[in-house]
Amino acid sequence: MMGEQKLEVQNTEEQKKVSLTKKDLNKAYWQFEIYAQACCSYERLQAPGFFSGMRNVIDKLYADDPKAKAEACQRHMEFYNSEFALVGPVILGASIAMEEEKANGAEIDGQAISAIKTSLMGPLAGIGDTLRQGTLIPIIGSIAISLGQQGNLFAPIFYMLVTLALNWGISHTLFNKVYQKGTSFVAEFFNGNRMEKIMTIITTMGAVTIGALAANTVKLTTPLELELGEKVLNVQTDILDSIIQNLLPFGAIMLVYWLIAKKKISINKVIVGIFVVCIIGGLIGIL
């Protein structure tokens with residue numbers, strides 16, 4: 001009799017365990033990706049979008065515990081802000097894994113889940129923004145620009161499709177990997193200066209990409225010529241390019257960087273200034 005009672009207790013405990021299915025995870029991922037920036041405020045910023053990804057998960061995990069369900073809802077409506085398209089789902093995957101462990105009896109405090117989110121928001125934002133905006137988008141954009149300059153109408157479609165495919169492909173893979181690792185991911189992420197190494201690699205890639213893109217797309221020439229007796233020197237080809245190839249476009253890029261980064265002049269003013277200089281330079285024949 002005692003053996004049967006113990007078996008019944010074990011069966012009851014097993015029945016209480018809640019497991020998320022692949023369908024649940026995919027639904028959480030897509031709801032987060034769709035609503036991540038649908039509603040932002042100074043008080044919570046991206047929290048409503050993050051909660052959209054957690055909502056159905058919370059409903060399933062805490063279906064029989066209204067108090068725990070309310071606490072989870074409050075927990076994931078706290079202030080949240082990070083990169084959303086590429087590595088943002090990493091935080092979602094870690095949060096879901098911890099919530100599932102907590103719902104199944106693991107000794108995980110709700111504040112610990114909030115602390116994990118807070119600790120990952122900044123580092124992952126730096127990685128995601130640099131990788132997506134500083135590396136992937138410039139590369140894809142440069143290819144699309146080249147296609148567009150050749151009159152190919154597929155250029156904007158190519159840009160949208162490839163960008164979305166990379167965003168969703170990378171982020172969905174990371175989301176599932178982190179969910180499978182659970183809390184061990186956080187320890188691995190910050191172990192052995194891995195964060196600094198990742199940022200160094202991505203920042204270097206971004207700088208190289210931006211430099212290559214600028215060299216291939218920025219075109220600036222001058223028709224000015226210098227008459228030295230019977231010899232005529234072209235300022236562009238005979239002087240500037242003989243010092244450094246494409247010196248004039250390089251100088252223009254560095255000037256724009258100096259105005260924006262050092263002098264803190266707004267991008268809109270710099271763009272208007274470029275238009276004015278190009279128009280005047282073209283009219284008087286120096287550009």
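Close-up 1. Just after α6, Gly-151 adopts a positive phi of about 85 degrees. The structure is a predicted model, in which local features need pLDDT of at least 70, side-chain atom pairs count only at pLDDT 80 or more, and totals for chains, interfaces and linings use all residues. Residues are numbered from 1 along each chain as its sequence is written, and side-chain values use heavy atoms, with hydrogens and water left out. Helices (H or I, at least four residues) and strands (E, at least two) are DSSP runs, numbered from the N terminus. Helix α6 has 40 residues and spans 54 Å from its first C-alpha to its last, close to the 58 Å expected at 1.5 Å a residue; the expected span is 1.5 Å times one less than the number of residues. At Ile-137, shortly before the proline Pro-138, α6 has a kink of about 35 degrees, the bend being the angle between axes fitted to the seven residues ending at a residue and the seven starting there.

**Close-up 2. Gly-128 within helix α6.** Gly-128 belongs to helix α6 (residues 110–149). Why does Gly-128 count as buried? Its relative accessible area is 0%, and buried means under 20%, exposed over 50% and partly exposed in between (1.4 Å probe, protein chains only). The C-alpha atoms of Gly-128 and Glu-83 are separated by 5.7 Å, although these residues are 45 residues apart along the chain. Apart from neighbours within four places in sequence, Gly-128 is in contact (heavy atoms within 4.5 Å) with Glu-83, Leu-86, Val-87 and Gln-133.

**Close-up 3. His-76 between helices α4 and α5.** His-76 is located in the loop between α4 (66–75) and α5 (88–103). With a relative accessible area of 0%, His-76 is buried.

Close-up 4. Helix α7 (residues 155–181) has 27 residues and reaches 39 Å from its first C-alpha to its last, close to the 39 Å expected at 1.5 Å a residue. Six aromatic pairs are found in a search of the whole structure; rings of Phe, Tyr and Trp (its six-membered ring) pair if their centres lie within 6.5 Å, with planes under 30 degrees apart counted as stacked, over 60 as edge-to-face and the rest as tilted. Tyr-29 and Phe-175 form a tilted pair, 5.7 Å centre to centre with 40 degrees between the planes. This pair links distant parts of the chain, Tyr-29 in helix α2 (residues 22–35) and Phe-175 in helix α7, 146 residues apart. Tyr-29 is buried at 0% relative accessibility, and Phe-175 is buried with a relative accessible area of 0%. Trp-30 and Trp-168 form an edge-to-face pair, 5.2 Å centre to centre with 80 degrees between the planes. Here the link is from Trp-30 in helix α2 to Trp-168 in helix α7, 138 residues apart. Trp-30 is partly exposed at 34%, and Trp-168 is partly exposed at 36% relative accessibility. Ring pairs join Tyr-29, Trp-30, Trp-168 and Phe-175 into a cluster.

Close-up 5. Thr-222 occupies the loop between α9 (194–217) and β1 (225–228). The residue Thr-222 is buried, with a relative accessible area of 10%. A polar atom of the Thr-222 side chain lies 3.3 Å from the backbone nitrogen of Leu-224. Beyond neighbours within four places in sequence, Thr-222 is in contact with Asn-234, Val-235, Gln-236, Leu-248 and Ile-286.

Technical notes:
A polar contact is a pair of N or O atoms within 3.5 Å; within protein, one must be able to donate a hydrogen and the other to accept it, and residues adjacent in sequence count only if both atoms are side-chain atoms.
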